[in-house]
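Me: I'd like to learn how to read a fold from its coordinates. Can you walk me through this one, feature by feature?

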Amino acid sequence: MKLLVIYTHPNHQSLSFAFLQKVVQGSEENPLIEEVQVLDLYEEGFDPVLVFHEQKRRRDMHRDPRLERYRNQITWADKIVLVYPIWWGRPPAMLLGYIDQMFASEFAYRDKKGLFPEGLLTGKSVVCISTMKGPTHYPLLWLNNAHKVLMKRALFQFVGMKKVKFFEFGSMESPKGRHEEKLERVYRYFRQVAQ
């Protein structure tokens, strides 16, 4: 199994970075995981801004040479792991900008007759690891589970990725947030995950 880990937080002293390290540590100890690539969007200087005009059309985004390396990473990976904070009830704009550009028509999906497109990224699985200041059940009770609906139904299932797992950790700015326990949980998952 090959893992692509996409890390989206501007601070390497953050709790999100600690989760990234646990993902990598657990994966390196898992004999079923043959290779791990980490894409740090902020360190990479990824440009999240979409630009369309007469010379750069949206329908051609799947061929943009500037994004070829990132497309190759997605194609290569069996499992995609996203590590990010939840700000204002959703992932950071940097990650959403990556999603806007990478999950393009004719790369991630193809329109066809009927209500839903043909997902072109079938067979891949996804793990979303997110942290937030508010309580764990805040997105479910106050926001109608908007974060999970956005990531699972509006994005990943749309492009054919049916297996989506969430680690959604709340109260992460509280001294009672049980950080070590949650870091250990992520580490154990990646040390043992089979697919």
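Reply: Let's begin with salt bridges: a salt bridge is a side-chain nitrogen of Lys or Arg within 4 Å of a carboxyl oxygen of Asp or Glu. In this structure, the side chains of Arg178 and Glu181 form one, at 3.1 Å from N to O. Before we go on, this is a predicted model, where local features need pLDDT of at least 70 and side-chain atom pairs count only at pLDDT 80 or more, while totals for chains, interfaces and linings use all residues. Residues are numbered from 1 along each chain as its sequence is written, and side-chain values use heavy atoms, with hydrogens and water left out.

Me: How many salt bridges does the rule give?

Reply: The count comes to 8 salt bridges. Among them is Arg66 with Asp64, at 3.8 Å from N to O. Some also share partners: Glu106, Arg110 and Glu118 are joined that way into one network.

Me: Are Arg66 and Asp64 buried or exposed, or in between?

Reply: Here you need the cut-offs: buried means under 20% relative accessible area, exposed over 50%, and partly exposed in between (1.4 Å probe, protein chains only). Arg66 has 39% relative accessibility, so it counts as partly exposed. Asp64 has 11%, so it is buried.

Me: What does a salt bridge inside a helix look like?

Reply: An α-helix has 3.6 residues a turn, so residues three or four places apart point the same way. By helix I mean a DSSP run of H or I with at least four residues; strands are runs of E with at least two, and both are numbered from the N terminus. Arg188 and Glu184 are 4 residues apart in helix H7, which means about one helical turn separates them. Their side chains meet in a salt bridge at 4.0 Å, N to O. Arg188, at 35% relative accessibility, is partly exposed, and so is Glu184, at 31%.

Me: Which residues does Tyr189 contact, beyond its sequence neighbours?

Reply: Contact means heavy atoms within 4.5 Å. Leaving aside neighbours within four places in sequence, Tyr189 touches Lys79, Val127, Lys165 and Phe167. Tyr189 sits in helix H7, residues 179-192, and counts as buried because its relative accessibility is 18%. Tyr189 and Asn30 are 159 residues apart in sequence, yet 9.7 Å apart in space, C-alpha to C-alpha.

Me: What is the strand order in the sheet?

Reply: Strands of a sheet pair through backbone hydrogen bonds, either parallel or antiparallel. Two strands count as paired if DSSP finds at least two bridges between them. Here you have an open sheet of 5 strands in the order S2-S1-S3-S6-S7, with parallel pairing. S2 and S7 (163-169) are the edge strands, each pairing on one side only. Strand S6 (residues 125-131) runs parallel to S7, joined by 7 bridges; Cys128 stands opposite Phe166 in S7.

Me: Where do the helices go?

Reply: For angles, axes are lines fitted to C-alpha atoms, for helices over the stretch in contact, and values run from 0 to 180 degrees between N-to-C directions. Helix H1 (residues 15-28) lies across S1, S2, S3, S6 and S7, at about 160° to S3. H7 packs on the sheet too, touching S1, S3, S6 and S7, and its direction makes about 160° with that of S7. Helix H4 (residues 93-102) is mostly covered, with 7 of its 10 residues buried. Its cover includes strand S1 (2-7), strand S3 (79-85) and helix H6 (146-156).
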